[in-house]
Amino acid sequence: MTELILALIGAALINNIVLQHTLALDPLLREDAAPTRPRVHALGLATLVAMLLVSTLGQLLYQYGLRPLQLDYLRLFVFLPLGVLSAAPILAGLRRALKHWRFDGLQPLLSGNAALLGLCLQLSDEDRGVLHALLVGLGSGLGFWLVLALFDDLRQRSQHDDVPLAFRGLPIELMSAGIMAMAFLGFNGLFTS
C-alpha cells in the first residue's frame, strides 16, 4: 500500500510529466490561446481525467491483450489511437457533468497531448500492474494541473513592469520552467521506501 501512495505522490511531484519528462509543454507555452483562469482549470481537469483513463485502459490492453499474444511491439499502435480517440468522449462527458466549465476548443490540445502516449509507454515498460497505472495516471494528471496553474500565475505576474521588456513572454517562462523543475527535484529525497 505504501508503494502505491509513493507512486501517486512521486508522479505528481518528483517525476512530474511536464517538468521532468518535458512532455505536454505545448499547452503551457501557448501565446495565441490567451488562457483565462477558468480555461486553465478546465484544461487541467480534462488532462487529469484523460491521463487517468488512458493510462489505465492502456495498461489493461497491454497486460491482457498484447502480452498474452506476444504482440508487445504493437503497443505504440494501440496507445496512440487510444489517446487520440479518447479526447472527444472525455470532453463530452465533462461538458455534461460540469456545465459551467469552459471545455470548448480543448480537443486539439487534449488529443495531441504527448504526455498521454509517453505515460502509457512508460507504464508498459515498468510493468507493475493496473492499480499502479491508475495511481500514476492520477498523480501525473494532478502534477500537470499543478504546473499548469503555476504557469498561469507566472504568466500573469510576468506582464508587469518589474520584468525587463527583453525577458517578458517566452524567455522568462522558459527560465522559470527550469527553476521550477529544480525546485520539484527537491522533493526527490523526501520519501524513502
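Which residues of α4 are buried?

Reply: First, some ground rules. This is a predicted model, where local features need pLDDT of at least 70, side-chain atom pairs count only at pLDDT 80 or more, and totals for chains, interfaces and linings use all residues. Residues are numbered from 1 along each chain as its sequence is written, and side-chain values use heavy atoms, with hydrogens and water left out.

Now the setting. The chain has eight helices and zero strands. Helices are DSSP runs of H or I with at least four residues, strands are runs of E with at least two, and both are numbered from the N terminus. Of the chain's 193 residues, 40% count as buried. Buried means under 20% relative accessible area, exposed means over 50%, and partly exposed lies in between (1.4 Å probe, protein chains only).

On to α4. Its buried residues are A87, I90, L91 and L94. Why does spacing matter here? An α-helix has 3.6 residues a turn, so residues three or four places apart point the same way. Turn to the face away from the buried side: P89 and R96 sit there, and both are exposed.

What covers the buried residues? The cover includes α2, α3 and α5. F103 shows some contacts in detail. A contact means heavy atoms within 4.5 Å. Leaving out residues up to four places away in sequence, F103 touches A42, L45, A46, L91, L94, R95 and L98. Two of those, L91 and L94, are on the list of buried α4 residues.

Next, the wider packing. The largest nonpolar core has 43 residues, and those with the most contacts inside it are I17, M51, F103, L106, L110 and V147. The biggest giver is α2, with eleven residues. Such a core is a set of buried Ala, Val, Leu, Ile, Met, Phe, Trp, Tyr and Cys residues, joined through side-chain atoms within 4.5 Å.

Rings of Phe, Tyr and Trp (its six-membered ring) pair if their centres lie within 6.5 Å; planes under 30 degrees apart are stacked, over 60 edge-to-face, and the rest tilted. Y62 and F79 form a tilted pair, 6.4 Å centre to centre with 50° between the planes. Y62 lies in α2 and F79 in α3, so the pair ties together parts that are 17 residues apart in sequence. Y62 counts as buried at 7% relative accessibility. F79 is buried too, at 1%. The stacked pair is W101 and F103: 6.1 Å centre to centre, 15° between the planes. W101 is partly exposed at 26%, whereas F103 is buried at 1%.

Last, the record. An unreviewed UniProt entry annotates transmembrane regions, including residues 40-62 and 74-94; such annotations may be inferred rather than shown by experiment. In the model, residues 74-94 are 90% helix, and their end C-alpha atoms lie 30 Å apart. Residues 40-62 are 100% helix, with end C-alpha atoms 32 Å apart.
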